[in-house]
Each structure stands twice: as structure tokens, then as C-alpha cells.
Amino acid sequence: MIVDTLANRALYSHISPRIAKALAHLSETNFSLLEVGTYELEGKDLFVIVNDYQTKPREVEPFEVHQQYIDVQYVVSGEEEFGYLPLADQTPSKPYFAKHDYAEFDYLSNKEAAAFIPFKAGMFALFFPEDMHMPGTSATPKQVRKVVIKVKI
């Protein structure tokens, strides 16, 4: 997992050409002008999801992991926190669902080991397949606009 601001995006562009393109797209696009929805950059290899939502308490959200995509998450407005835990030898509460590229993990089984990190407007996070993450949480509901760029591995 990597968490930073777009001002430092050049530090991570060497990871892969698609991650470089995703970070450049985040820095060059005014997402407040876009409608909620999905936008292709390179077909199914690199696409953008723009979403508006209210955060939820961590007790009602699962952790998730992906096998086919790296998540590049970016908070456009608002703030939330996200949970993080290395995948290691964790057992999913719901098996991997290939069509939507995720497996879920129960929060209560992992709450002692999980870290929760503030995620504010202008910050991005990269979640790799070995990173269990729980986005979109906070103790009180907050309105968030977030962009997730899915980067095919």
C-alpha cells in the first residue's frame, strides 16, 4: 500500500506505465465536473470510476482484496478513513468473486490487527493484491467524492 498526495506522484510513476498514466490522469482531470460513472482510459486494462457516497461505520463494512487490478483511489472532496491490513494468511468471509475481482474479509475477525488511516481530499492510495483494505469509513457520516482507477495487473 502507498498513501501520498498528487504533488509526489512522480515518485511512483516507475512502478508501471499504467500506474503512471493513472496518476497523471488524476492530476490533469477536474473530477468535480464529471458525472458519477465509469470512464475507460485503456478499455478494461485501465478505467476510472467516479463515485459520490456517504461514509459508513467500519463495523458494517468488510475488508476487500483484488487479484486482477491494483486500486488507485483518490479523494476529490470530503474525507474518510480506510482500514488496512496485509493479506498474509487471512481467510476470506466470502470467497473470491472473479467477475467483480474481489474477496471480502470480516472486520470483526481482523479489528485488532487493522490500522485506520485518515484519507483527505487531494490524497491518493495504491492498493495492491496483497493489501486488504476497507475504504469509505468514518465514525460519523461524511459526504465524499472519490475516484477509483482500476489498473490491470
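Reply: This is a predicted model. Counting its aromatic pairs gives eight.

Me: Why are the rings of Phe-63 and Tyr-107 called stacked?

Reply: Their centres are 6.4 Å apart, and rings pair if the centres lie within 6.5 Å. The planes of Phe-63 and Tyr-107 stand at 25 degrees, and planes under 30 degrees apart count as stacked. The pair is therefore stacked.

Me: What makes this pair a link between distant parts of the chain?

Reply: Phe-63 is in strand β4 (residues 63-65), while Tyr-107 is in the loop between β8 and β9 (115-120). The two are 44 residues apart.

Me: How do you know whether Phe-63 and Tyr-107 are buried or exposed?

Reply: Buried means under 20% relative accessible area. Phe-63 has 0%, so Phe-63 is buried. Tyr-107 has 6%, so Tyr-107 counts as buried too.

Me: Why is the pair of Phe-63 and Phe-116 called tilted?

Reply: Here the ring centres are 6.4 Å apart and the planes of Phe-63 and Phe-116 are at 50 degrees. Stacked needs under 30 degrees and edge-to-face over 60, with the rest tilted, so the pair of Phe-63 and Phe-116 is tilted. Because Phe-63 lies in strand β4 and Phe-116 in strand β9, the pair ties together parts 53 residues apart in sequence. Phe-116 has 18% relative accessibility, so Phe-116 counts as buried. Phe-63, Tyr-107 and Phe-116 form one aromatic cluster.

Me: What makes strand β12 (residues 143-152) largely enclosed?

Reply: Eight of its ten residues are buried, so the rest of the structure largely encloses β12.

Me: Which strands pair with β12?

Reply: Strand β3 (residues 46-54) pairs with β12 in the antiparallel sense over nine bridges.

Me: What joins the side chains of Asp-131 and Tyr-84?

Reply: A polar contact of 3.3 Å, and the limit is 3.5 Å. Asp-131 lies in strand β11 (residues 131-137).

Conventions: Residues are numbered from 1 along each chain as its sequence is written. This is a predicted model: local features need pLDDT of at least 70, side-chain atom pairs count only at pLDDT 80 or more; totals for chains, interfaces and linings use all residues. Side-chain values use heavy atoms; hydrogens and water are left out. Buried means under 20% relative accessible area, exposed over 50%, partly exposed in between (1.4 Å probe, protein chains only). Helices (H or I, at least four residues) and strands (E, at least two) are DSSP runs, numbered from the N terminus. Two strands pair if DSSP finds at least two bridges between them. A polar contact is a pair of N or O atoms within 3.5 Å; within protein, one must be able to donate a hydrogen and the other to accept it, and residues adjacent in sequence count only if both atoms are side-chain atoms. Rings of Phe, Tyr and Trp (its six-membered ring) pair if their centres lie within 6.5 Å; planes under 30 degrees apart count as stacked, over 60 as edge-to-face and the rest as tilted.
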